[in-house]
Amino acid sequence: MSNLFARFLKDESGATAIEYGLIAALISVAIIAGIRTLGGNLSSTFNLLGTTMPDAGK
């Protein structure tokens with residue numbers, strides 16, 4: 001029984017999976033924040049172009 005408990009304490013595969021999950025979550029949050037910022041900037045740029053050149057699409 002003590003051998004089984006010692007082997008359970010040495011097993012780190014579950015901790016590794018949790019660490020990879022946390023890393024993936026942090027990367028996802030960073031990507032979403034970057035896309036939101038870039039999207040806002042692009043929207044402002046296109047609105048500015050639309051008001052500057054109103055007859056360009058005709």
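Here is a chat about the predicted model shown above.

Visitor: Before we start, what do I need to know about the model and the numbering?
Guide: It's a predicted model, where local features need pLDDT of at least 70, side-chain atom pairs count only at pLDDT 80 or more, and totals for chains, interfaces and linings use all residues. Residues are numbered from 1 along each chain as its sequence is written, and side-chain values use heavy atoms, with hydrogens and water left out.

Visitor: OK, how many helices and strands are in the protein chain?
Guide: Two helices and zero strands. Helix 1 covers residues 2-10, and helix 2 covers residues 13-52.

Visitor: Is the chain compact or spread out?
Guide: More spread out than a compact globule, because its radius of gyration is 25 Å, well over the 10 Å that the globule rule gives for 58 residues. That radius is taken over C-alpha atoms, and the rule is 2.2 Å times the number of residues to the power 0.38. Along the principal axes, the C-alpha atoms fill a box of roughly 80 × 15 × 10 Å.

Visitor: What share of the residues counts as buried?
Guide: 0% of the 58 residues. Buried means under 20% relative accessible area, exposed over 50%, and partly exposed in between (1.4 Å probe, protein chains only).

Visitor: And which residues form the nonpolar patch on the surface?
Guide: Y20, I23, I27, I31 and I35, with about 530 Å² of accessible area together. Areas come from the Shrake-Rupley method with a 1.4 Å probe, and for residues only the protein chains shown count as cover. Patch members need over 30% relative accessible area and no salt bridge; nonpolar side chains (Val, Leu, Ile, Met, Phe, Trp, Tyr) are joined within 5 Å, like charges within 9 Å. A salt bridge here is a side-chain nitrogen of Lys or Arg within 4 Å of a carboxyl oxygen of Asp or Glu.

Visitor: Is I23 exposed or partly exposed?
Guide: I23 is partly exposed, at a relative accessible area of 45%, and its place is in helix 2.

Visitor: What about Y20 and I35?
Guide: Y20 is in helix 2 too, and counts as exposed because its relative accessible area is 57%. I35 also counts as exposed, at 56% relative accessibility.

Note on methods:
Helices (H or I, at least four residues) and strands (E, at least two) are DSSP runs, numbered from the N terminus.
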